Amino acid sequence: MNVSNSPKPVSPCVSICALDGDDVCVGCFRTGQEISHWGRLDADRQVEVLRRCQRRMAGELAPCLMDEVVPG
């Protein structure tokens, strides 16, 4: 069990909720699954989602975190 004492990050939502063809929000750069699971993620995983959002904003590939933490 991963117990984190880190405060939870603030949601990166900017109220522009539109997913592109790759299932990535054009406003916050989270995937649809990352958006759906955001409130249930611990702080460490939320920080990882934010890192991936930054990579996506920079035009880099960053797979959805949920593909790694939620069994298909």
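## A buried arginine

Arg-30 sits in the segment before H1; helices are DSSP runs of H or I with at least four residues, numbered from the N terminus. The model is predicted: local features need pLDDT of at least 70, side-chain atom pairs count only at pLDDT 80 or more, and totals for chains, interfaces and linings use all residues. Residues are numbered from 1 along each chain as its sequence is written, and side-chain values use heavy atoms, without hydrogens and water.

Arg-30 is buried (under 20% relative accessible area, 1.4 Å probe, protein chains only). Beyond its neighbours within four places in sequence, the contacts of Arg-30 include Asp-23, Cys-25, Trp-38 and Cys-53 (heavy atoms within 4.5 Å).

The disulfide count is 0, with a disulfide taken as a pair of cysteine sulfur atoms within 2.5 Å. Cys-28 is in no disulfide; its nearest cysteine sulfur, in Cys-25, is 3.9 Å away. Cys-28 is buried at 5% relative accessible area.

Cys-53 is buried too, at 3%. Its sulfur is 5.7 Å from the closest cysteine sulfur, that of Cys-28, too far for a bond.

## A nonpolar patch

Val-14, Ile-16 and Val-26 make a nonpolar surface patch of about 260 Å². Patch residues have over 30% relative accessible area and no salt bridge, and nonpolar side chains (Val, Leu, Ile, Met, Phe, Trp, Tyr) are joined within 5 Å. Ile-16 lies in the segment before helix H1 (32–37). Ile-16 is partly exposed, at 48% relative accessible area (between 20% and 50%).

Notes:
Patch = residues over 30% accessible without salt bridge, like charges linked within 9 Å, V, L, I, M, F, W, Y side chains within 5 Å. Areas by Shrake-Rupley, 256 points an atom, 1.4 Å probe, with all protein chains shown as cover. Salt bridge = Lys/Arg side-chain N within 4 Å of Asp/Glu carboxyl O. Helix = DSSP H or I, 4+ residues; strand = E, 2+ residues; numbered from the N terminus. Lys, Arg positive; Asp, Glu negative; His and termini not counted.
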